[in-house]
Amino acid sequence: MDTLRADCSNCFGLCCVALPFAASADFATDKAAGTPCANLRTDFRCGIHDRLRDGGYQGCTVYDCFGAGQQVSQITYGGTDWRTAPDTAAEMFAVFPVVRQLHELLRYLDEALALPAAAGLRPALRALRASVGELTGLAPAALLELDVAARRAEVNTLLLRTSDVVRAEVRRKKKDRRGADLMGARLRGADLRGVSLRGACLIAADLTGADLRLADLIGADLRDARLAGADLTGAFFLTQPQLDAARGDGATLIPDGLIRPAHWS
């Protein structure tokens, strides 16, 4: 089993309870943190999972816990759910986002390890991967005391080095667009090969037919970005939720390991 892939059948619906959301284009109603979503069934499954977009819960379709849900449910709390043991509920809901962040870091480290161009960094990547992996097995109290920001900074330093090495394969001067505000930008057919778009805001940007090969897309906000006919071959640090939030088509080329979103059709 892929421990970094969400397995809702082994989770206690943690994302449906622990996290808050506000009525918006992404959610039909307000919900406070620690309050079960009205759509959560007694078996911890979503009652409208097959029609979330039509039901006004588009935000749920672009969320990924990276396997933290089943880790917390089955490992951290040994399979005892928050309904059976309500005294653990508040702690469990606080632990979940901590483990989710650790699993996200593991997901990026695993991808970095698989990048051929980063072979020289693999010893450092493996060591850091092992260190972060050990943290996911800590007891609840220890997890809540973790300085996750420090861990993220440590991982980010190595991921930046990885990005530089991978993008160097594109032998031309590349514009650094890290953190750039490109909301609604007209980038149709743009040559973005090997460009760093880390943390860039690309909400509703027109990337139709753009060349994003070997681009670093970690943390880029692709909500409603138009990716019809775009080439993301070899683009890295791109997650499934980012892709799910965008608007592509049958001609969009996506990186190996990701799934073409059903709503693109």
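1. A residue counts as buried when its relative accessible area is under 20%, as exposed when over 50%, and as partly exposed in between, with a 1.4 Å probe and protein chains only. By that rule Phe27, at 16% relative accessibility, is buried, and Phe21, at 13%, is buried as well.

2. This is a predicted model, in which local features need pLDDT of at least 70 and side-chain atom pairs count only at pLDDT 80 or more, while totals for chains, interfaces and linings use all residues. Residues are numbered from 1 along each chain as its sequence is written, and side-chain values use heavy atoms, with hydrogens and water left out.

3. Searching the whole structure gives eight aromatic pairs, where rings of Phe, Tyr and Trp (its six-membered ring) pair if their centres lie within 6.5 Å, and planes under 30 degrees apart count as stacked, over 60 as edge-to-face and the rest as tilted. One of these is the stacked pair of Phe21 and Phe27, with 4.3 Å centre to centre and 5° between the planes.

4. Tyr108 and Phe237 make an edge-to-face pair, 5.7 Å centre to centre with 80° between the planes. Because Tyr108 lies in helix H3 (residues 89-114) and Phe237 in the loop between helix H6 (148-167) and helix H7 (240-245), the pair ties together parts that are 129 residues apart in sequence; helices here are DSSP runs (H or I, at least four residues), numbered from the N terminus. Tyr108 is buried at 5% relative accessible area, and Phe237 is buried at 0%.

5. Phe12, Phe44, Trp82 and Phe93 are linked by ring pairs into a cluster.

Terms used
Helices (H or I, at least four residues) and strands (E, at least two) are DSSP runs, numbered from the N terminus.
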